[in-house]
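Here are a few notes to go with the model. Have a look at it first, then read on.

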Amino acid sequence: MTGADGIRHWAPGERILWRYRDNGSAHVHICRPVTVVRDTEDLLAVWMAPGTECVKPVLADGTPVHHEPLATRYTAPRTTARAHWTGTGVLKLARRDEPWSVWLFWEPGWEFRSWYVNLEEPRLRWSGGIDSEDHFLDISVYPDRSWLWRDEDEFAEAQRAGLLDAGKALRVREAGAAAVEMIKAWGAPFSEGWENWRPDPGWPVPELPEGWDREPEPAKVRTR
């Protein structure tokens, strides 16, 4: 379906890829197959089901990245590995042109736990999904409307490692400040009741396709 913005929107139940490119390169190092919940001119909402096979970065010897000391975490050689998402699923919400996406997490039994504001490049839309670049700094938000910064140490180390220059780091901080203002005002999506959403039980777990790291077709790329 093509919207008034001239973009083909995915229908609920369609399966796409939510990808992140390595900082400073075009290499896809995170790929998560997801199911579309809603896709409009203003919002893309997707569901990552428990057990989904994903691609994630690991150290060259296969060790999880977070096991590497912070001082060498972004300089140690890396590769990618396939792994299944453990725990409960994640609902991801992305509003057009915002430099973050908001993820919802539940405990087993659908007890809502928290929102997670993932600061990132505004997503690049292509025929098979969306691409972005993670900006290291994040915010956790809780049902009582309290919030806290996450990964400030990684954000600082990424700058020391040259993955973010001073100008980009400033823009990330500005995006974080704008996100905090949205949280304090309890605007969308926190006020929209997404924590009560549930996936269609008939949806299969999406498969990780061959060519998960393929280049998007330039003629089909759109921004969101």
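1. First, a term. On a 1 Å grid over the protein atoms alone, a pocket is an open set of points with protein on both sides within 12 Å along at least five of seven lines, and lining residues have an atom within 4 Å of a point. Its volume is the space filled by probe spheres set on the points, which are joined across faces, edges and corners. Here, the largest pocket comes out at about 1200 Å³. It is lined by 38 residues, and I30, R32, K56, P57 and W85 are the closest to its centre.

2. Some housekeeping. This is a predicted model, where local features need pLDDT of at least 70 and side-chain atom pairs count only at pLDDT 80 or more, while totals for chains, interfaces and linings use all residues. Residues are numbered from 1 along each chain as its sequence is written, and side-chain values use heavy atoms, with hydrogens and water left out.

3. Now the rings. Phe, Tyr and Trp rings (for Trp, the six-membered one) pair if their centres lie within 6.5 Å; planes under 30 degrees apart are stacked, over 60 edge-to-face, the rest tilted. You'll find 14 aromatic pairs here. W106 and F112 have ring centres 5.8 Å apart and planes at 70°, so they are edge-to-face. For W197 and W203, the centres are 6.4 Å apart and the planes at 35°, so that pair is tilted.

4. One last thing to look at: ring pairs join W47, W106, W110, F112, W115, W186, F190, W197 and W203 into a cluster.

Key: On a 1 Å grid over the protein atoms alone, a cavity is a set of points where a 1.4 Å probe fits but cannot get out, and a pocket is an open set with protein on both sides within 12 Å along at least five of seven lines; lining residues have an atom within 4 Å of a point.
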